[in-house]
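Please open the model in a viewer and keep the sequence panel at hand.

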Amino acid sequence: MMHFADSLTFSGRKVVAAWAALPFPALSGSSLPDTLSAHQQDVPWKLLSSWREQKVSCCFAQSVVLRGICQEKATRSPLHSCESPEQMLQQFLHTQFPGAFSTSHVLQQPCDTRPPFPQFFSPLLTRRGFLPDKAQGSSSGGVQSIPVLAALQSSPVLHSLLSGLCRELRAPHVRRWSSFFAAGVEHDDFQEALEELKTLSQCYEAGFGASEDEGDSD
């Protein structure tokens, strides 16, 4: 995972954020291009961090995997000219995040959610984890599989997350925590780590290292 994250970071960046749509919101029977076209205004995945929710407006690099969506082409979708499911997802990502370095993978097999997987899904979902065309009540037998989208992303959202973490670590008077430094942490090393965290957060500000990013994206 560390090497994978390294492939998505440059210009001094070292970390990526995990996002997911579980399940990926899709109507029962809809094709892959129809499903992606339905989310042109806003991406449906959510940040998997405990940090407060933030909307994704841009990113520097990302790797996205979508599985469990019917891959037949639609006749009237702007994505119908794409030759493969990966190209459809890649075109969708290019539209949402122009200029970002993106890799995409599409798998036909959905995520298995049969027991012992916890059944925390909406009762409106079908057994295959899709949204029905019309509300049909709860699904008999529970949700057995779901379409899923997962992403690792280097984006400006990490600026807020890392700088917020830095502020929270500066707030307490750590000298009062005898057990903290009794574990072998030196105060000077702690302060140096905070400065490195602050510098790292600045690498995720929008516009930082734009020229280098453009070179890497090409």
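**First stop: helix α4**

In this predicted model, select residues 157-170, which form helix α4. The helix has 14 residues and reaches 20 Å from its first C-alpha to its last, close to the 20 Å expected at 1.5 Å a residue.

Next, colour the buried positions of α4: V157, L158, S160, L161, L162, S163, G164 and C166. An α-helix has 3.6 residues a turn, so residues three or four places apart point the same way. To see what covers the buried residues of α4, display β1 (17-21), β2 (46-47), β7 (148-154) and α6 (187-202), which are among the covering elements.

**Second stop: the largest nonpolar core**

Which residues have the most contacts inside the largest nonpolar core? Select W19, W45, L66, L89 and L149; the core to which they belong has 44 residues. At least two residues of this core come from each of β1, α2 (32-37), β3 (61-67), α3 (85-96), β7, α4 and α6. The helix of the first stop, α4, supplies the largest share, five residues.

Now centre the view on W45. Leaving aside residues up to four places away in sequence, W45 touches W19, A20, A21, Q62, F92, L93, F97, L149 and Q153.

Select C166 and C203. Are they buried or exposed? C166 is buried, with a relative accessible area of 5%, and C203 likewise counts as buried, at 8% relative accessibility. Both values fall under the 20% cut-off for a buried residue. A search of the whole structure finds zero disulfides.

**Last stop: the whole chain**

Finally, return to a cartoon of the entire chain, which has seven helices and seven strands. Followed along the sequence, their pattern is α-β-α-β-β-α-β-β-β-β-α-α-α-α.

With the surface displayed, the chain exposes about 12,600 Å², of which carbon and sulfur atoms supply 54%. Of the 218 residues in the chain, 42% are buried. If contacts are drawn between residues at least 6 apart in sequence, 76% of them join residues at least 24 apart.

Technical notes
Residues numbered from 1 in each chain as written. Predicted model: local features only at pLDDT ≥ 70, side-chain atom pairs only at ≥ 80, totals over all residues. Heavy atoms only, no water. Disulfide = S-S within 2.5 Å. Buried < 20%, exposed > 50% of the residue type's maximum accessible area, 1.4 Å probe, protein only. Helix = DSSP H or I, 4+ residues; strand = E, 2+ residues; numbered from the N terminus. Contact = heavy atoms within 4.5 Å. Areas by Shrake-Rupley, 256 points an atom, 1.4 Å probe, with all protein chains shown as cover. Expected span 1.5 Å × (residues − 1). Core = buried A, V, L, I, M, F, W, Y, C linked by side-chain atoms within 4.5 Å.
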